[in-house]
Amino acid sequence: MRKTNWLLLALALVLSMFLVACSGGNDDNAGGNDSGEDTSSEEGGSEEAEGGEPSGEQVLNLIEGSQIPTMDSSHATDAVAFQWLGETMEGLYRLNEEAQPEPAIAEGEPEVSEDGMEWTIKLREDAVWSNGDPVTANDFVFAWQRAIDPETGSEYGPFMMNDVLKNATAINNGEADVEELGVEATGDYELKITLEKEVPYFHSLLTFGTYLPLNEDFVTEQGDDYALTSDNLLYNGPFILEDWDPKANESWKLTKNEDYWDAENVTLETINVNVVKETSTGVNLYENGEIDRAGLSSEFVEKYAGSEDYRTMPEPTLFYLKMNQENEALANPDIRKAIAMSINKQDLVDVILANGSIPSNGAVPEDFVTHPESGEDFRELNGDLITSDKEKAKEHWEKGLEALGTDSVELRFLGGDSEVAKEMDDYLINQLEENLEGLSLSLSSVPFEERIARDEKSDYDIQNSGWGPDYLDASTWLNMWMSDSPYMTMNYNSEKYDSLMQEANNDLLTDLPTRFDKMLEAEKVLIEEDTAIAPLYQRSRAYLWRPSVKGVQFNPMGADFTYKHAYIEE
């Protein structure tokens with residue numbers, strides 16, 4: 001999600017909204033899932049109460065922490081984009097309340113060859129685009145080829161397809177034609193998919209936004225204007241996006257798609273969304289009855305905790321500091337360990353966030369994936385790989401400074417521009433400068449879109465980032481830190497780490513217990529040995545949530561929320 005980013009917007013996230021795609025957050029902010037304390041955690045879930053019935057005006061009013069960066073599924077990388085793509089578009093499968101794939105545009109479950117390499121999927125014949133064109137197998141072929149074509153410049157295309165779809169890596173490297181990608185329309189409503197190898201989580205991948213279809217004629221006709229505004233888009237999902245023009249306004253709305261194949265099971269008529277970056281503004285809008293959900297920061301948690309409208313939700317979204325090893329100081333492992341150990345993460349979650357978040361001491365969240373034989377949680381098996389320890393932090397800091405031949409280090413800190421992000425970054429900078437003598441940090445608080453652009457260019461020294469999972473496997477976290485990952489913007493390159501993950505992603509794909517153990521080992525290299533990132537916390541989110549809003553589904557990956565079955569019960 002993330003990638004997803006997930007990303008800082010997620011911090012803004014505490015604000016809330018999507019729910020970001022993946023990572024998170026939507027409504028108010030950024031990446032992750034929305035929450036209800038009576039619902040799910042890692043397994044998804046719904047807020048719907050038993051026996052509830054829609055009544056009154058079916059209009060949902062939300063806030064988001066940032067503008068949608070893009071509605072082009074080939075270029076989407078963050079939680080906000082994937083949230084609204086998930087409401088207006090539909091792929092072969094979508095997640096159900098148990099976070100398992102269920103048929104969407106696919107007519108039923110796939111037929112899979114004995115070796116797991118060939119998947120045949122029949123498509124329903126009643127799905128149409130918002131211009132009336134049928135949704136066909138060619139729409140998937142075109143979209144997937146477009147995402148992997150190096151000329152498209154997609155980040156998630158290679159991230160989600162390389163070493164998964166046959167010839168994807170070769171195509172992305174310019175060594176094969178896009179027509180050689182392992183996807184073929186064997187009929188208007190039949191798709192044949194050929195994999196590079198057996199991938200145990202491929203069914204899960206097919207629910208993700210990068211695998212959405214695209215109408216080739218429409219995309220070609222729009223040219224460079226495609227997906228710049230809601231007028232330059234087609235939809236095949238439960239809702240249609242309207243009034244979205246990121247250069248002209250900070251709001252948009254979704255209306256029910258009457259031509260959607262399952263429209264009879266969609267109750268909401270309208271979803272109104274406005275960009276709001278300040279927590280206090282969101283709370284005021286909620287109190288005035290203008291919105292139906294508002295994310296809470298710590299000062300508001302104390303005020304509303306225990307009220308009927310207050311909800312929290314744990315989620316498998318992690319936040320951490322990315323440390324760009326292009327910087328000479330951050331290339332030193334002792335400097336990185338000092339930074340990672342010098343932050344009081346317990347105070348961070350108890351005082352700054354105060355929303356149920358917990359300290360993170362690894363690169364994979366707790367309560368997400370379990371060992372295929374023992375059933376033990378990944379996080380429990382690997383334990384705490386790096387913890388807060390100011391004394392050890394000082395020891396590593398002094399050792400690092402000695403190796404660098406200096407008594408001071410100046411670093412650029414890239415953060416977000418939301419109220420919550422700024423509060424968080426101020427705390428982190430204060431902790432680092434107070435505990436590491438000679439360290440000076442200069443903060444750049446920028447909008448989400450700019451932060452993504454600077455991240456892609458490695459234009460930062462330290463960055464406050466977050467990530468929500470894209471599929472149900474530990475590799476959704478660990479693949480990010482391989483040297484050839486499109487998200488490797490911090491110049492970390494470990495042959496040992498790459499080798500472990502290459503084994504997990506190739507030779508061991510059918511030996512699940514050994515593969516799981518190999519990923520445990522890889523995480524230890526990443527965090528315990530190299531401290532490539534500085535883990536901060538695993539997020540929980542606190543909200544004011546209108547009790548009349550029912551049936552919202554919370555997802556552990558991809559779009560944080562699903563509104564297809566949501567309704568208002570007044």
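## Close-up views of the predicted model

**View A. The largest cavity and its lining.** The residues that line the largest cavity divide into 11 nonpolar, 7 polar and 3 charged; here Ala, Val, Leu, Ile, Met, Phe, Trp, Tyr, Cys and Pro count as nonpolar, Asp, Glu, Lys and Arg as charged, and the others, Gly among them, as polar. The model is predicted: local features need pLDDT of at least 70 and side-chain atom pairs count only at pLDDT 80 or more, whereas totals for chains, interfaces and linings use all residues. Residues are numbered from 1 along each chain as its sequence is written, and side-chain values use heavy atoms, with hydrogens and water left out. The space in the largest cavity amounts to about 300 Å³. Its lining comprises 21 residues, and those closest to the centre of the cavity are Gly86, Arg94, Thr207, Gly209 and Ala559. On a 1 Å grid over the protein atoms alone, a cavity is a set of points where a 1.4 Å probe fits but cannot get out, while a pocket is an open set with protein on both sides within 12 Å along at least five of seven lines; lining residues have an atom within 4 Å of a point. Grid points are joined across faces, edges and corners, and a volume is the space filled by probe spheres set on the points. At least two lining residues of the largest cavity come from each of helix H2 (79-88), strand E5 (93-95) and strand E23 (561-562). Helices (H or I, at least four residues) and strands (E, at least two) are DSSP runs, numbered from the N terminus. The largest contribution to this lining, 4 residues, is that of H2.

**View B. The largest pocket and its lining.** About 500 Å³ of space lies in the largest pocket. Of its 25 lining residues, Pro158, Phe159, Asn162, Asp163 and Asp484 lie nearest the centre. Helix H4 (156-161), helix H5 (168-172) and helix H17 (495-505) are the elements that give two or more residues to the lining of the largest pocket. With 3 residues, H4 gives the most. By class, the lining of the largest pocket holds 11 nonpolar, 10 polar and 4 charged residues.

**View C. Strand E17 and its neighbours.** Strand E17 (residues 409-416) is largely enclosed by the rest of the structure, because 6 of its 8 residues are buried. Buried means under 20% relative accessible area, exposed over 50%, and partly exposed in between (1.4 Å probe, protein chains only). E17 runs parallel to strand E18 (residues 439-446), to which 8 bridges join it; two strands pair if DSSP finds at least two bridges between them. Within this pairing, Arg412 has Ser442 of E18 as its bridge partner. Together with helix H14 (residues 419-435), E17 and E18 make a right-handed β-α-β unit. A crossover is right-handed if, with the strands pointing away from the viewer, the path from the first strand over the helix to the second runs clockwise. E17 is also joined, by 2 bridges, to the parallel strand E19 (residues 462-467), where Gln463 stands opposite Leu414.

View D. Strand E12 (residues 251-256) pairs with strand E13 (residues 270-275) in the antiparallel sense over 5 bridges, and Ser251 has Asn274 of E13 as its bridge partner. The loop between E11 and E12 contains Asp243, whose phi is near 60°, a positive value in a residue other than glycine. Most residues other than glycine have a negative phi. Asp243 counts as partly exposed, at 49% relative accessibility.

**View E. The antiparallel sheet.** An open sheet of 4 strands has the order E7-E8-E10-E9, with antiparallel pairing. Its edge strands, strand E7 (111-112) and strand E9 (183-187), each pair on one side only. E9 is joined to strand E10 (residues 190-194) in the antiparallel sense over 4 bridges, and Leu191 of E10 is the bridge partner of Ala185.
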